[in-house]
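The structure is shown first, and the description follows.

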Amino acid sequence: MRKANLKDIPETPWRRNGLTEKFECHAKHISIALGREPDSFDLKKRHPFDLALYRVPPGKSLCPYHSHSAESELYLVVSGKGSARHKD
């Protein structure tokens, strides 16, 4: 397995504009830095899960409400405050 230092992984900005500019984040795709091939369907070139570090500016949200039928998401707040919502 490769090793990666977070300071060496480029940060990719993402913003969803349109009716609202509420959604914005900056991502460091750790799994890709560790060797995951994002477009491959070969299980040997993928990881059992993806790992990314997202930085969300104050007053913004990571993404619109959504759900997955076959995957889970885990959020760890490293600094600041965070909240999560769910269908219930």
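## Sheet architecture

Two strands are taken to pair if DSSP finds at least two bridges between them. The model under discussion is predicted. Its open sheet has three strands in the order 1-2-3, with antiparallel pairing. Strand 1 and strand 3 form the edges, each pairing on one side only. Averaged over the sheet and with direction ignored, neighbouring strands are turned by 30° against each other.

## Strand pairing

Five bridges link strand 1 to strand 2 in the antiparallel sense. Within this pairing, R16 stands opposite F23 of strand 2, and T12 has A27 of strand 2 as its bridge partner.

How far is strand 2 enclosed by the rest of the structure? Residues count as buried when their relative accessible area is under 20%. Six of the seven residues of strand 2 are buried, so the strand is largely enclosed by the rest of the structure.

## Largest pocket

The largest pocket holds about 2100 Å³ of space. Its lining comprises 49 residues, and those nearest the pocket centre are Y54, L62, E73, L74 and Y75. Strand 1 (12-16), strand 2 (23-29), helix 1 and strand 3 are the elements that each give two or more residues to this lining.

By residue class, the lining of the largest pocket divides into 24 nonpolar, 14 polar and eleven charged residues.

L34 is placed in the loop between helix 1 (30-33) and strand 3 (52-55).

Which residues does L34 contact, once its neighbours within four places in sequence are set aside? They are R2, K3, A4 and H47. A further spatial relation concerns N5, which is 29 residues from L34 along the chain. The C-alpha atoms of L34 and N5 are separated by 9.8 Å.

Key: Residues numbered from 1 in each chain as written. Predicted model: local features only at pLDDT ≥ 70, side-chain atom pairs only at ≥ 80, totals over all residues. Heavy atoms only, no water. Helix = DSSP H or I, 4+ residues; strand = E, 2+ residues; numbered from the N terminus. Contact = heavy atoms within 4.5 Å. 1 Å grid on protein atoms, 1.4 Å probe; cavity = no way out; pocket = protein on both sides within 12 Å on 5 of 7 lines; lining within 4 Å. Points joined across faces, edges and corners; volume = space filled by probe spheres on them. Nonpolar A, V, L, I, M, F, W, Y, C, P; charged D, E, K, R; others polar. Axes fitted to C-alpha atoms, helices over the stretch in contact; angles between N-to-C directions. Buried < 20%, exposed > 50% of the residue type's maximum accessible area, 1.4 Å probe, protein only.
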